[in-house]
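Let's take a friendly walk through this structure together. Have your viewer ready and follow along as we go.

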Amino acid sequence: MQPEVAFDRLTRHATQRARQRGVTRAAIDHLWSLSDQEIPVAAELHVCSISRSAIAEAIADGARPADMARLARLALVEATDGAIVTVAIIHGRKGRHYRRRIRRYWRG
């Protein structure tokens with residue numbers, strides 16, 4: 001995947017949230033290129049994240065474990081039209097549905 005492809009698809013909201021959460025452009029691009037899980041969370045949204053096996057494979061290929069640990073906690077929420085809606089940090093009870101592939105309830 002070409003660098004900065006994911007960053008060009010960020011919405012204004014996603015750019016603002018990434019800045020607030022301290023997520024760099026390089027981290028977003030790296031997460032996008034390595035993501036192998038898509039979990040539906042709403043009617044037209046799904047979460048892109050990295051599985052443990054993909055992280056282990058990237059570390060075996062020479063990626064720094066500290067960088068991979070940071071990427072393991074990040075997720076990109078993507079719309080069906082390809083726009084990245086927000087950048088999330090997965091943690092605690094609120095992040096459970098991202099890890100366990102539990103669909104969130106929504107109206108619509």
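The paragraphs below go from the whole chain to its strands and then to a pair of helices.

Keep in mind from the start that this is a predicted model. The protein chain has six helices and four strands. Read from the N terminus, these elements follow the order α-α-α-β-β-α-α-β-β-α. Of the 108 residues in the protein chain, 37% are buried. The accessible surface is about 7,100 Å², and carbon and sulfur atoms contribute 49% of that area.

Now zoom in on strand β3, which covers residues 74–79. On one side, β3 pairs with strand β2 (residues 45–49) through four bridges, in the antiparallel sense. Here you can find Cys-48 opposite Leu-76 of β3. Strand β3 also pairs with β4 (residues 84–89), again running antiparallel, and five bridges join these two strands.

Which way do the side chains of β3 point? In a regular strand, side chains alternate between the two faces of the sheet. In β3, Leu-74, Leu-76 and Glu-78 point one way, while Ala-75, Val-77 and Ala-79 point the other way. Every one of these residues is buried, including Glu-78. Because six of the six residues of β3 are buried, that is, under 20% relative accessible area, the strand is largely enclosed by the rest of the structure.

Finally, turn to helices α4 (residues 52–60) and α5 (residues 65–72). Their axes lie 10 Å apart and the helices pack at an angle of about 160°. Angles over 145 degrees count as roughly antiparallel, and α4 and α5 are therefore roughly antiparallel to each other. The crossing of α4 past α5 is right-handed. On the α4 side, Ile-55, Ala-58 and Ile-59 make the contact, and they meet Pro-65, Met-68 and Ala-72 of α5.

Conventions
Residues are numbered from 1 along each chain as its sequence is written. This is a predicted model: local features need pLDDT of at least 70, side-chain atom pairs count only at pLDDT 80 or more; totals for chains, interfaces and linings use all residues. Side-chain values use heavy atoms; hydrogens and water are left out. Two strands pair if DSSP finds at least two bridges between them. Buried means under 20% relative accessible area, exposed over 50%, partly exposed in between (1.4 Å probe, protein chains only). Accessible areas come from the Shrake-Rupley method with a 1.4 Å probe; for residues, only the protein chains shown count as cover. Axes are lines fitted to C-alpha atoms, for helices over the stretch in contact, and angles run from 0 to 180 degrees between N-to-C directions. Angles under 35 degrees count as roughly parallel, over 145 as roughly antiparallel, 65 to 115 as roughly perpendicular and the rest as oblique. A crossing is left-handed if the near helix is turned anticlockwise from the far one by less than a right angle, and right-handed if clockwise. Contact means heavy atoms within 4.5 Å.
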